[in-house]
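The structure is shown first, and my notes follow.

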Amino acid sequence: MRHEDAVQDHAVERYLLGEMTEDQRTIFEEHYFDCHACAADVTDGTRMMMAGRRVATEDSRTGNVVPMRKRFWFAAAAAASLAFTLAGGSAGYLVAIRQQHVPTELVRVVGFETGVSRSGTPTTIPVLQPGDELRLDIEPSDDAVRYAADVSCGGKTQSTIDISREMAADAVTLRLGELPAGPCELVIQGVRKDGKRFRITVNPFTVGER
Amino acid sequence: MDRFSFDDLYVRRLKEHDRETGEHFVRYFSPLLVAKLRGRLPVQDIEDVRQDVLFRVLKRLDNLREGCKLPQFVLGTCNNVMLEQYRKVRTEPLEEWLLLLVGDWDIEKDFLGKEAAAAVRQALSEMRTPREAEILRAIYLDDEDREEVCRRYDVSPDNLRVLLHRAKKKFTAAFRRQNEP
């Protein structure tokens, strides 16, 4: 492999992304071990990927992830659990909305109830505003080593959040940031040991105009 | 790093336990071995294999006839050690100088230290949009197929490579700044 070919083919990026076949990897490895420019590039890229994995994993564990514009996840306080109890949901998955800047006051409860969201459309689709908070109680699954929460609007993913089992043991809060007005959905998925995902709940909601 | 070239003189210096050449050898090949092993072995095994490869190369330099073929010699040795790793073959005992030299480079310090983590965060914050940063986080987590990431974020594989390329440039610049005296 010539250096020019490696550059033109984005070989370093393809290598880091695991896009190469075993044969392609072998050919590229024979090149970069002997090419100072590619060696430096592979070194930097591998460092970024490994450190990036650790950073992303740590963030997902500690809840520091800022997955959407001006949105923040954080583990809910005990008061939130109380809110769910008050909402009448002891099992499954519920979402409560709280107004922006009123972190301890439950304003209203949205009717996302266990079973409804899995098998069909809820009778009432909540209308949310940017800045509202979604509080999630994730039904534990023995198959899941962790969970993922996807927010999508108009069929386009806006945000994906990694939630550890430890985090999911308590209620988790998502503060909505910039989302396009219109129909959206929040999908909670379990992630199996092999990385495969399975859906737990699908909850539609609407983002209202400001 | 670049002022060294792999030739007969370089190999002779290695054989003579020249410290500067030895340190260059470890600093140059360690990251390349980690890159090769990443994705093929569990992280906890990578460091063992890295050390084992460098130990063996340094002990078997007499088998290398042309100094310019040192990189391929390291690569070939790595392939052999990986095969043995799969079979869990034990390696021979080692002299102290080898342990000191090869143990001087540390995957935890060089690849996973606070400077690298800070550079990752810096690069993420410098991406054009939060969405780009989010895609990168998904790539870093490496929990799902790249195709799935592309589908979920509605980006092509080409765009994903370009995104990674830009992130790498930002990361490298930030990492260099972190390590400036």
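I looked up B:Arg176 and found a salt bridge to A:Asp44, with the closest N and O atoms 3.2 Å apart; the term requires a side-chain nitrogen of Lys or Arg within 4 Å of a carboxyl oxygen of Asp or Glu. Between chain B and chain A I count nine salt bridges.

The model is predicted: local features need pLDDT of at least 70, side-chain atom pairs count only at pLDDT 80 or more, and totals for chains, interfaces and linings use all residues. Side-chain values use heavy atoms, without hydrogens and water.

I then listed the elements giving two or more residues to the side of chain B that touches chain A; among them are helix 2 (19–37), helix 4 (70–87) and helix 10 (157–178) of chain B, helices being DSSP runs (H or I, at least four residues). Helix 10 of chain B gives the largest share, eleven residues.

For the extent of the interface, I noted 53 residues from chain B and 49 residues from chain A in contact (heavy atoms within 4.5 Å). The buried area, meaning accessible area (1.4 Å probe) lost on being put together and summed over both parts, is about 5,000 Å², with 57% from carbon and sulfur atoms. B:Arg38, B:Arg161 and B:Lys168 supply 14% of what chain B buries against chain A, more than any other three residues.

Of its 81 residues, A:Phe28, B:Phe25, B:Phe29 and B:Leu70 touch the most other members.

Key:
Residues are numbered from 1 along each chain as its sequence is written. Chains are lettered from A and ligands numbered from 1 in the order in which they are written. Buried area is the accessible area (1.4 Å probe) that two parts lose on being put together, summed over both. A nonpolar core is a set of buried Ala, Val, Leu, Ile, Met, Phe, Trp, Tyr and Cys residues joined through side-chain atoms within 4.5 Å. Buried means under 20% relative accessible area, exposed over 50%, partly exposed in between (1.4 Å probe, protein chains only).
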